[in-house]
Amino acid sequence: MTARKTPTLVPSLLAGDLARLGDQLDALKAAGCSWVSVDAMDGHFVPNLSFGPDFVKLAKSRGFFVDAHLMVTNPLEAASWFAGAGADIVTLHVEAIAGTDSREALDRVRKLGVRAGLAIKPKTPVEDLIAALDGASLALVMTVEPGFGGQKFMADMMPKVSALRAAIDARGLDCWVQVDGGVGDATISQAAAAGADSLVAGSAVFGAKDCAAAFRELEAKARAAFGSKQQ
Ligand code: DX5
């Protein structure tokens, strides 16, 4: 059985202040943050445009572990760009690799020399993630419709998180259970209680007066609640 991971709060740069993102990253690093998430959006898979590989380079230059969450229609092509920029994990959406077997897609990402993650949108069954778990280092359950920060947390996604947690524990897999979207003070405990050990938060961190304090408080809440209520 792989040892349980320590629940980790992962700030999403999408909510960062681009005029001072480097300073914000330095403040988060000083507060003990080690992992940030870079959302790549192409205006097709989701109705928004966001970051390219240069933002991975920025976060790596500040000493972070970085996951690149690809919300793009050509994730297998884009994966090489983000891997080349230094991403530690590249996460693809199941919905964007239709036609390619998820395990084969994960294998192609790993062949780039990075860990591979798989994500599902709210309407996609968790079985699609569980089927490909053996090849994944991260399994992401979106708790909002992807594309924008600041949306409302979808609590009805928690059974998916618990099912994922149970499958990973049963197989002793070394795989993060990540949730992303609407994670904040009022919602992080239920996500961690359901079994999430990687919790992505944008607005709740970067929208706070003190993003370092927000990071610390949210991560402490996640650790206190972790695994207490797997459904
Ligand atoms: C949405 C992105 C999320 C988003 C989270 O498509 O993948 O990472 O930035 O932002 P909040 O935490 O504000 O919902």
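Which residues of helix H1 are buried? In H1, the buried residues are Leu21, Gly22, Gln24, Leu25 and Leu28, where buried means under 20% relative accessible area, exposed means over 50%, and partly exposed lies in between, with a 1.4 Å probe and protein chains only. The structure is a predicted model, in which local features need pLDDT of at least 70 and side-chain atom pairs count only at pLDDT 80 or more, while totals for chains, interfaces and linings use all residues. Residues are numbered from 1 along each chain as its sequence is written, and side-chain values use heavy atoms, with hydrogens and water left out.

The buried residues pack against strand S1 (8-11), strand S2 (35-41), helix H2 (53-61), helix H8 (203-206) and H9. Helices (H or I, at least four residues) and strands (E, at least two) are DSSP runs, numbered from the N terminus. After H1 comes Gly32, with a positive phi near 105°.

Gln24 belongs to H1, which spans residues 21-30, and Gln24 counts as buried because its relative accessible area is 4%. Leaving aside neighbours within four places in sequence, Gln24 is in contact with Gly16, Asp17, Phe206 and Cys211, contact meaning heavy atoms within 4.5 Å. A polar atom of the Gln24 side chain lies 2.8 Å from the backbone nitrogen of Asp17.

**Cysteines**

Cys211 is itself buried, at 10% relative accessibility. Its sulfur has the sulfur of Cys33 as the closest cysteine sulfur, but the two are 9.2 Å apart and therefore too far for a bond. A disulfide is a pair of cysteine sulfur atoms within 2.5 Å, and by this rule the count comes to 0 disulfides. Cys175 is buried as well, at 1% relative accessibility.

**The nonpolar cores**

A nonpolar core is a set of buried Ala, Val, Leu, Ile, Met, Phe, Trp, Tyr and Cys residues joined through side-chain atoms within 4.5 Å. The largest core has 70 residues, and those that touch the most other members are Leu70, Phe82, Val90, Leu92, Leu133, Leu164 and Leu199. Helix H9 (residues 211-225) supplies the largest share of this core, 6 residues. Apart from this core lies another, of 10 residues, among them Val10, Trp35, Ala119 and Trp176. Beyond residues up to four places away in sequence, Leu199 touches several others, including Pro7, Val179, Ile188 and Ala222.

**Ser80 in helix H3**

Ser80 sits in helix H3 (residues 75-84) and is partly exposed, with a relative accessible area of 32%. The Ser80 side chain reaches the backbone oxygen of Glu77 at 2.8 Å. Ser80 and Pro53 are 27 residues apart in sequence and 9.8 Å apart in space, C-alpha to C-alpha.

**Around the ligand**

Of the 19 residues around the ligand, Gly147, Asp180, Gly182, Gly202 and Ser203 come nearest, a residue being near if one of its heavy atoms lies within 4 Å.

| Residue | Atom in the residue | Distance to a ligand oxygen |
|---|---|---|
| Asp39 | polar side-chain atom | 2.9 Å |
| Gly182 | backbone N or O atom | 2.8 Å |
| Gly202 | polar backbone atom | 2.7 Å |

Technical notes. Polar contact = N/O pair within 3.5 Å; in protein donor to acceptor, adjacent residues only side chain to side chain.
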